[in-house]
Amino acid sequence: MGLFRKIIGAVLSLMLLVSQLYVLGGTLDQRQRAERLSRELARLEPEVGQSKDFVALMQTRDTPAVRAQMNNDYIDANFEMIMERVYLYLPQEAPRNIQPVGYMVRDLSGKRFVFVALEYEFSDRWIIATVTVEPGSAKQAVAGFNMNTYRASLFERTAFRLSGQSIEHYALLGLAVINLIFCAVTLFICIAAPRVRWRFVWIGLILLGVGLMSFNWLEGRMALNLFTANLPPSRFSLGLYQPLIILLSIPLGAILFWMNFRKLTQPDANRV
């Protein structure tokens, strides 16, 4: 029975470690995830194609033709001025590359809208164009659009980098890793040690952190929330085209376990 507990404890502890360290190791290169996103967008090919055609039409600077592609319900009196601003940032040259970087399908007020985000690479800039298509309308019209220009690609801007960071970055990353290892070791001992009172209760407490500090690796911005919990106490979040977020909590359950370890593992004459 003791060997079985040790095996289970080792497996669960390794799963806890690997599940989080994989974020730092296995998903640093997000190109494979970007390719998966492109395959998902294949299901929305009519909307994606229409979004590309709409941006290409705006590149011609033919404002009446752009207006004709849009649903009049979403055009206001400032449309002409908005288009003039778009022409200032949108080059007329052919893009070097067009990369889908996101999508969303939403139902609002009984209408279905598809939001498609496309990244355009030009000779001196990158532009992310978000086009909103209304498939249910008579002409499947464009309901809106938004454009932002950048000096680097989204992939480059959100890439996780260890080099060149501040002491605060390294200190918080190290603390999160140490916290994770501490919880994993504590979890193993809790499962593998003999005669642990309320073993399953302590397993749950060890995996639960108190309070939450989140740290945005890209922006160096920190946020605190003392009245929440985190499972597990150290967690990393790294979504596609998103910066690494370190989520760190106080491992109160693991700390209390070690503070009461002798009492929890003492032989009890009343127990078999």
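Phe-182 lies in helix α7, and it makes a handy way into this predicted model. The residue is partly exposed, with a relative accessible area of 30%. Along the chain, Phe-182 and Ala-254 are 72 residues apart, yet their C-alpha atoms are 7.9 Å apart in space.

**Around Phe-182**

- Which residues does Phe-182 touch, once you leave aside its neighbours within four places in sequence? They are Pro-251, Ala-254, Ile-255 and Trp-258.
- Trp-258, one of those contacts, is partly exposed as well, with a relative accessible area of 36%.

**Aromatic rings**

- Trp-258 turns up again in an aromatic cluster, which it forms with Trp-202, Phe-257 and Phe-261.
- How many aromatic pairs are there in the structure? The count comes to nine.
- One of these is the pair of Phe-257 and Phe-261, with 5.7 Å from centre to centre and 65° between the planes. That pair is called edge-to-face because its planes are over 60 degrees apart.
- Trp-258 and Phe-261 pair up too, at 5.4 Å centre to centre and with 35° between the planes.
- Is Phe-257 buried or exposed? Phe-257 is buried, at a relative accessible area of 0%, whereas Phe-261 is partly exposed at 23%.
- Elsewhere, a ring meets a charge: the charged end of Arg-157 sits over the ring of Tyr-150, 3.7 Å from the ring's centre.

- Take Cys-183: its nearest cysteine sulfur belongs to Cys-190 and is 12 Å away.
- Cys-183 counts as buried, with 2% relative accessibility, and Cys-190 is buried at 0%.

**The four-stranded sheet**

- Now for an open sheet of four strands, in the order β1-β2-β3-β4, with antiparallel pairing.
- Which strands sit at the edges? They are β1 (97-108) and β4 (142-150), and each pairs on one side only.
- From one strand to the next, the twist averages 15°.
- Strands of a sheet pair through backbone hydrogen bonds, either parallel or antiparallel.
- Here, β1 and β2 (residues 111-121) go the antiparallel way, over 11 bridges. To spot a bridge in the structure, look at Gln-99, whose partner in β2 is Glu-119.

**Helices on the sheet**

- Helix α3 (residues 45-59) lies across β1, β2, β3 (126-133) and β4. The helix runs at about 55° to β2.
- Helix α5 (residues 79-89) also packs on the sheet, where it touches β3 and β4. The angle between the directions of α5 and β4 is about 40°.

- Most residues other than glycine have a negative phi, and most peptide bonds are trans. A few spots in this model go the other way, as the next points show.
- Arg-61 isn't a glycine, but it has a positive phi of about 60°. You'll find Arg-61 in the loop between α3 and α4 (63-68), where it is partly exposed with a relative accessible area of 39%.
- Where is Arg-195? Arg-195 is in the loop between α7 (167-192) and α8 (199-206). Its phi is positive too, about 55°, although Arg-195 is not a glycine.
- Which peptide bond is cis? The one from Leu-231 to Pro-232 is, with omega near -5°. Pro-232 is in the loop between β6 (221-230) and β7 (234-237).

Conventions: Residues are numbered from 1 along each chain as its sequence is written. This is a predicted model: local features need pLDDT of at least 70, side-chain atom pairs count only at pLDDT 80 or more; totals for chains, interfaces and linings use all residues. Side-chain values use heavy atoms; hydrogens and water are left out. Two strands pair if DSSP finds at least two bridges between them. Helices (H or I, at least four residues) and strands (E, at least two) are DSSP runs, numbered from the N terminus. Axes are lines fitted to C-alpha atoms, for helices over the stretch in contact, and angles run from 0 to 180 degrees between N-to-C directions. Contact means heavy atoms within 4.5 Å. Rings of Phe, Tyr and Trp (its six-membered ring) pair if their centres lie within 6.5 Å; planes under 30 degrees apart count as stacked, over 60 as edge-to-face and the rest as tilted. Buried means under 20% relative accessible area, exposed over 50%, partly exposed in between (1.4 Å probe, protein chains only). A charge sits over a ring if NZ of Lys or CZ of Arg is within 6 Å of the ring centre and within 35 degrees of the ring normal. A disulfide is a pair of cysteine sulfur atoms within 2.5 Å.
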